[in-house]
Amino acid sequence: MEIVTPKVELLDIVSLGPEDINTLIDVNILKLYYAYRRCYSGEVEGFTNKYHSPMTAAERIEVEDFIRKMRKSPHESPLEHVTMTWHVYNMDRAISHQWVRHRLAAHSQASQRYVKYDNLEVTVPDSIKNNENMFQAYKKYMEGVEELYKGFVDNGIPAEDARAILPNATATHIVTTMNLREMIHFFNERCCYRAQKGIRDIAYEMLDIAKDMYPCVFENVGPKCVSMHRCPEARPCKEKPFQH
Ligand SMILES: Cc1cc2nc3c(=O)[nH]c(=O)nc-3n(C[C@H](O)[C@H](O)[C@H](O)COP(=O)(O)OP(=O)(O)OC[C@H]3O[C@@H](n4cnc5c(N)ncnc54)[C@H](O)[C@@H]3O)c2cc1C
């Protein structure tokens, strides 16, 4: 039995290699730029000739400034032309259940039918980790589950049936693609203090990466209160991020 913590990587960067990150950013912000421009340009052909990758620093500023201006309007469909593909591993099954409720994203999750656990990996909620007695009881319980699971599998019980005894804390791994419009919605909901800490921590890690790559899209994004300048929840948190 092993205790693990969730980790996030952006597969777009992993696949390209970090040396090509500027090309990826150029291509994606140009797609946004031309999608917004298409809506307001009378030109039929050739209007996409103005900028190409690699952009100069000055061109990048012009393009980003235009997108920033557009982001102030409720015109959001151009954001759907760019996606980010995330690999989140060591997320627990309770969090992954919340995760896949986001229907406008595409999800591919490790199968508990085809993948058997030789070594049961589990996450630990902070409240349990910070209570030594409860943490010891937690570990003992998980070790018992692992032993029983392995006993089932060794005695010919198919993995799809043996998994019936696995806890919510069992780590899972998922690849998720979201377009930027859906990502903003995801951050609005999952960076909110009303969301569970496990998913909130992952959402903030993703938001940091998204802000680094596309500041003109994500710089004012966070929990929904940040853009609404008020909290719409029945029970507001004490943090009040919209006031900072
Ligand atoms: C703090 C918190 C507590 C929650 N508690 C519960 C709970 O107790 N029980 C529970 O079952 N769920 C709960 N949820 C899950 C929640 O109801 C949503 O299922 C989840 O947040 C996914 O978001 P979404 O519906 O906006 O879907 P997304 O797929 O992210 O959709 C994005 C947006 O697209 C639009 N959209 C997508 N599909 C449709 C559609 N079929 N029809 C119309 N518009 C659509 C909506 O505007 C939607 O907001 C909770 C979520 C949060 C953040």
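The face of α9 turned away from its buried side carries the exposed residues Lys197, Asp208 and Asp212. Here, "buried" means 20 or more other C-beta atoms within 10 Å of the residue's own, "exposed" means 12 or fewer, and "partly exposed" is what lies in between, with C-beta atoms placed from the backbone. Helices (H or I, at least four residues) and strands (E, at least two) are DSSP runs, numbered from the N terminus.

A word on the model itself. It is predicted, so local features need pLDDT of at least 70 and side-chain atom pairs count only at pLDDT 80 or more, while totals for chains, interfaces and linings use all residues. Residues are numbered from 1 along each chain as its sequence is written.

**The chain overall**

The protein chain has eleven helices and six strands. Its C-alpha trace spans about 70 × 40 × 30 Å along the principal axes. Of its 244 residues, 25% count as buried. Take the contacts with a separation of 6 or more: 73% of them join residues 24 or more positions apart. A contact here means two C-beta atoms, placed from the backbone, within 7 Å.

On its buried side we find Gly198, Ile199, Ile202, Ala203, Met206, Leu207 and Ala210. They sit on the same side of α9 because they cover an arc of only 160° around the axis; the arc is that of the directions from the helix axis to the C-beta atoms. Among the elements covering these buried residues are β2, β3, α4, α8 and α10.

Helix α3 can be read in a similar way. Its buried residues are Val63, Glu64, Ile67, Met70 and Arg71. Their arc is only 110° around the axis, which puts them on the same side of α3. They pack against α2 (21-40) and α10 (215-218). Turned away from that buried side is a face with the exposed residues Ala58, Ile61, Asp65 and Lys69.

For the spans below, the expected value is 1.5 Å times one less than the number of residues in the helix.

| Helix | Length | Span, first to last C-alpha | Expected span |
|---|---|---|---|
| α3 | 15 residues | 21 Å | 21 Å |
| α9 | 17 residues | 24 Å | 24 Å |

**The nonpolar core**

In soluble globular proteins, nonpolar side chains tend to be buried together. A nonpolar core is a set of buried Ala, Val, Leu, Ile, Met, Phe, Trp, Tyr and Cys residues joined through C-beta atoms within 7 Å. The largest one here has 39 residues, and those with the most contacts inside it are Ile67, Met183, Phe187, Ala203 and Leu207. Elements giving two or more residues to this core are α2, α3, β3 (83-92), α4 (93-99), β6 (171-179), α8 (180-190), α9 (197-213) and α10. The biggest giver is α9, with six residues. Leaving aside residues up to four places away in sequence, Phe187 touches Ala203, Leu207, Val221 and Gly222.

**Leu10**

Strand β2 (residues 7-10) holds Leu10. Is Leu10 buried, exposed or partly exposed? It counts as partly exposed because 19 other C-beta atoms lie within 10 Å. Beyond residues up to four places away in sequence, Leu10 touches Met84, Trp86 and Ile209. The C-alpha atoms of Leu10 and Val175 are 9.5 Å apart, although the two residues are separated by 165 residues along the chain.

Ser53 and Pro54 are joined by a cis peptide bond, with omega about 0°. Pro54 belongs to the loop between α2 and α3.

Asn90, in strand β3, has a positive phi near 65° and is not a glycine. With 18 C-beta neighbours inside 10 Å, Asn90 is partly exposed. His229 lies in the segment after α11 (224-228), and its phi is also positive for a non-glycine residue, near 60°. His229 is exposed, since it has 8 other C-beta atoms within 10 Å.
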